[in-house]
Amino acid sequence: MKIVKTLCVLLLLYTASAGILFDVPQLPILNETIRVLYFHVPMWFTMIFLLFLSSINAYRFISTGDLSYDLKSYNYSNIGVFFGVIGIISGMIWAKYTWGTYWTNDPKLNGSAIGLLIYFSYFVLRNSIEDESKKGKISSV
């Protein structure tokens with residue numbers, strides 16, 4: 001496990017330094033703001049991967065009834081939503097410099113925001129139930 005953590009730290013350091021130091025295409029509208037793609041896009045892919053793992057563990061909990069799968073599902077969704085919020089914030093900052101506004105009326109942006117709101121309601125529903133087994137069943141569905 002220590003090797004995985006070390007590898008993650010090294011990859012994050014590489015990505016941060018690459019985003020700041022590597023050459024980027026000189027496009028008329030984007031200029032230097034294209035550097036955010038080193039951070040913004042990996043955040044979204046990480047979010048998608050973690051929410052996928054959350055769904056798999058929710059299915060495994062429903063299939064087996066083992067509470068460890070419910071806990072894994074909850075933790076994956078917690079971290080996935082964190083990456084989603086950071087992805088939206090970094091995208092908003094990039095949009096401000098590129099298009100002059102933080103938010104446009106784009107279906108992808110609105111769908112992302114609605115998806116995160118659904119996960120926020122999932123957390124509210126999950127934390128409102130006391131019984132662990134019932135909490136797992138309702139939140140997995």
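Author: The largest pocket has a volume of about 380 Å³. A pocket here is an open set of points on a 1 Å grid over the protein atoms alone, where a 1.4 Å probe fits, with protein on both sides within 12 Å along at least five of seven lines. Its volume is the space filled by probe spheres set on the points, which are joined across faces, edges and corners. Lining residues have an atom within 4 Å of a point. There are 17 of them, and H40, W44, G91, K108 and L109 are the closest to the centre of the pocket. Two or more lining residues come from each of α2 (37–64), α3 (67–99) and α4 (107–127), where helices are DSSP runs (H or I, at least four residues) numbered from the N terminus. The largest share, seven residues, belongs to α3. By class, the lining has ten nonpolar residues, five polar and two charged; Ala, Val, Leu, Ile, Met, Phe, Trp, Tyr, Cys and Pro count as nonpolar, Asp, Glu, Lys and Arg as charged, and the others, Gly among them, as polar.

The model is predicted: local features need pLDDT of at least 70, side-chain atom pairs count only at pLDDT 80 or more, and totals for chains, interfaces and linings use all residues. Residues are numbered from 1 along each chain as its sequence is written, and side-chain values use heavy atoms, with hydrogens and water left out.

For reference, the second largest pocket has a volume of about 300 Å³. Its lining includes C8, L11, Y38, F39 and F83, and α1 (2–21) and α2 each give at least two residues to it. Nine of its lining residues are nonpolar, two are polar and none is charged.
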